[in-house]
Amino acid sequence: MNDRAGRRRARRLAIGTAVVLALAGMNGPWLYRFGTEKYHQYTINKPEYKAANGKWEIIDFPEKYRQNTIHAALLRTGKVLLVAGSGNNQDNFDAKKFDTRIWDPVKGTIKKVPTPADLFCTGHTQLANGNLLIAGGTKRYEKLEGDVTKAGGLMIVHNENPDEPITLPAGTKFTGKENGKTFVSKDPVLVPRAKKVFDKATGKFLRNDPGLGRIYVEAQKRGQKYETGTQDNYKVHGLNGADAKNTYGIAQKLALDKKDFQGIRDAFEFDPVAEKYIKVDPMKEARWYPTLTTLSDGKILSVSGLDDIGQLVPGKNEVFDPKTKKWTYTGKVRQFPTYPALFLMQNGKIFYSGSNAGYGPDDVGREPGVWDVDTNRFAKIPGLSDPKLMETSGTVLLPPAQDEKYMVVGGGGVGESKESSEKTRIVDLKDADPSFEDGPSLEKGTRYPNASILPDDNVLISGGSEDYRGRGDSNIFQAHLYDTAKNELKRVADPLVGRNYHSGSILLPDGRLMFFGSDSLYGDKANTKPGKFEQRIEIYTPPYLYGDGERPSLSGGPQTIERGGTGTFTSSSAAKVKKVRLIRPSAATHVTDVDQRSIALDFKASGDKLTVTVPENRNLAQAGWYMLFVTDDKGTPSKAQWVKVP
């Protein structure tokens with residue numbers, strides 16, 4: 001080897017050594033993290049760890065089946081309905097790309113379902129026949145200030161004719177008497193006739209109170225010069241004679257300010273056997289972010305939401321009759337923020353926990369209480385801690401439902417507030433004078449917590465974020481089991497996926513929990529990158545499925561059990577059964593699930609037979625399909641049997 005070749009070889013060795021040393025220096029922390037993560041995986045997969053804390057797994061659908069799931073419901077077939085609509089994606093909305101999937105958690109199959117309207121931010125609830133009622137959705141996406149090019153807003157149309165209503169078609173023009181500016185309606189509007197008012201004592205006619213119609217109008221042309229500054233009366237074009245005299249518009253400032261989402265009136269039943277949407281009578285009011293709740297008579301109450309103008313529905317509530325498929329107004333006015341948490345009580349009244357999704361005035365309809373829908377009386381319930389931090393809180397009817405205790409979890413300040421609450425609050429509605437008391441606190445202030453009931457009477461509280469929509473990388477990777485008997489929280493295995501806005505959870509018939517959605521505003525701690533919708537589905541297997549021995553069996557028995565009636569099932573573990581629970585399937589969105597409830601059943605064991613009794617109270621055991629679970633002396637539940645309560 002000559003000197004030149006030797007020097008080249010020495011140089012290559014030196015360079016190679018330097019690269020190795022540099023890589024070692026750079027990868028030292030990475031190697032440490034790799035080792036730490038490997039040890040973490042080893043730890044959380046140990047049988048004793050899973051038996052104490054449970055386990056999380058990600059179900060990552062094939063790409064062609066992924067969607068921005070906003071709503072989910074467990075169907076009586078055991079499959080899960082996953083609804084995105086446009087999925088908070090205006091490109092999808094503009095292209096009329098609306099999505100629904102059906103997932104079979106047993107077979108692992110996924111199916112696309114034609115979606116008839118934009119059911120993004122709809123309302124839903126389980127019906128007695130096993131269908132899912134779905135009502136409302138999106139007519140228009142919001143436009144932020146700066147993106148609005150035509151001045152517009154709310155026009156209140158007055159009709160002073162006491163004999164006839166009047167209908168104005170889309171495209172009707174309104175010209176201000178003072179400002180002289182013309183605005184055009186986007187949709188038709190029916191304005192009811194005026195109401196004659198008489199003196200109660202003398203019967204003498206006093207006046208006509210005009211009928212009122214609400215319509216969104218906008219300027220004919222773009223630009224600031226078409227804005228208005230103050231309230232004005234508006235002449236309605238295209239009317240003659242008495243109609244022209246009796247009909248006029250009144251609008252406040254019509255400007256280029258932010259325009260909120262607008263709702264739709266459309267309503268559907270989803271048939272879980274045919275696996276398709278069936279159109280029913282549309283609601284009286286357009287609604288975006290409504291709550292649907294079953295009433296004592298089996299009809300469905302629809303409350304709140306933003307209307308087809310982007311305004312909070314002004315307390316005009318309505319009910320759906322599953323027999324006639326028609327909607328009617330309640331005739332009483334009561335206003336709530338959007339997605340209010342409303343639950344049917346055993347006395348037939350409605351409990352409002354104060355939990356809501358946010359849209360609406362900060363001083364209207366936010367205090368919790370008991371609402372008699374028939375009389376419209378509302379009895380406020382005192383004692384709520386952090387009462388100004390109720391937006392994006394979660395509410396759960398603690399099991400068993402007979403105890404009528406509710407827990408309100410976390411929450412945040414109105415709008416995009418940074419404030420959040422670590423409180424849990426519990427109220428016993430069987431108390432003669434109910435008042436909220438604090439339960440055990442969470443470790444962090446938590447918006448958007450999911451609270452999910454389990455067959456063993458525990459409640460899993462999981463996820464959420466400390467700030468609005470996960471801002472500042474504030475997702476909370478924690479889960480706790482709440483023991484209803486001991487009133488204690490226990491930290492369990494941490495979820496793998498952050499969940500905040502647009503998330504929810506579903507109890508599956510095999511006793512596991514499914515989590516979906518999350519819509520972070522930003523994708524980094526500095527709040528500089530846009531967030532990405534979380535499309536992954538995550539499954540939590542509770543500790544009770546990692547215990548020693550086999551889980552109790554449950555088979556046979558009737559598919560239908562009348563209220564007050566009995567049904568006999570076969571179970572090889574009948575002698576060891578300690579609890580029997582009838583659990584209503586969930587319909588969840590925006591961490592709001594007013595359907596879930598777990599009803600304790602009386603039972604008798606004889607050999608391998610188990611005879612259960614359904615309570616008589618129809619407000620406790622609402623008509624519909626339920627999962628029947630039995631739990632043994634070790635706290636392990638069976639797989640569910642589906643039972644119908646007519």
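**View 1. Leu460 in its strand.** Leu460 lies in strand S35, which spans residues 458-462. The model is a predicted one. Is Leu460 buried or exposed? Its relative accessibility is 0%, and buried means under 20%, so Leu460 counts as buried.

**View 2. The surroundings of Leu460.** Setting aside residues up to four places away in sequence, Leu460 touches several residues. Among them are Asn450, Ala451 and Ser452. Ala479, His480 and Leu481 also touch Leu460. Further contacts of Leu460 include Trp56, Val492, Leu513, Phe515 and Tyr540.

**View 3. Leu460 and Tyr482.** These two residues are 22 residues apart along the chain. The C-alpha atoms of Leu460 and Tyr482 are separated by 6.3 Å.

**View 4. The fold around the strand.** The protein has four helices and 48 strands. Its radius of gyration is 29 Å, close to the 26 Å that the globule rule gives for 646 residues, so the protein is as compact as a globular protein of that length. Along the principal axes, the C-alpha atoms fill a box of roughly 105 × 90 × 45 Å.

**View 5. Interior and contacts.** Of the 646 residues in the protein, 53% are buried. Take the contacts between residues at least 6 apart in sequence: 61% join residues at least 24 apart.

**View 6. Surface and charge.** The protein exposes about 29000 Å². Carbon and sulfur atoms supply 49% of that area. The protein carries 93 positive and 79 negative charges. How far apart are the mean positions of the positive and negative charges? They are 5 Å apart.

Definitions and conventions
Residues numbered from 1 in each chain as written. Predicted model: local features only at pLDDT ≥ 70, side-chain atom pairs only at ≥ 80, totals over all residues. Heavy atoms only, no water. Helix = DSSP H or I, 4+ residues; strand = E, 2+ residues; numbered from the N terminus. Buried < 20%, exposed > 50% of the residue type's maximum accessible area, 1.4 Å probe, protein only. Contact = heavy atoms within 4.5 Å. Rg over C-alpha atoms; globule rule 2.2 N^0.38 Å. Areas by Shrake-Rupley, 256 points an atom, 1.4 Å probe, with all protein chains shown as cover. Lys, Arg positive; Asp, Glu negative; His and termini not counted. Charge placed at Lys NZ, Arg CZ, Asp CG, Glu CD.
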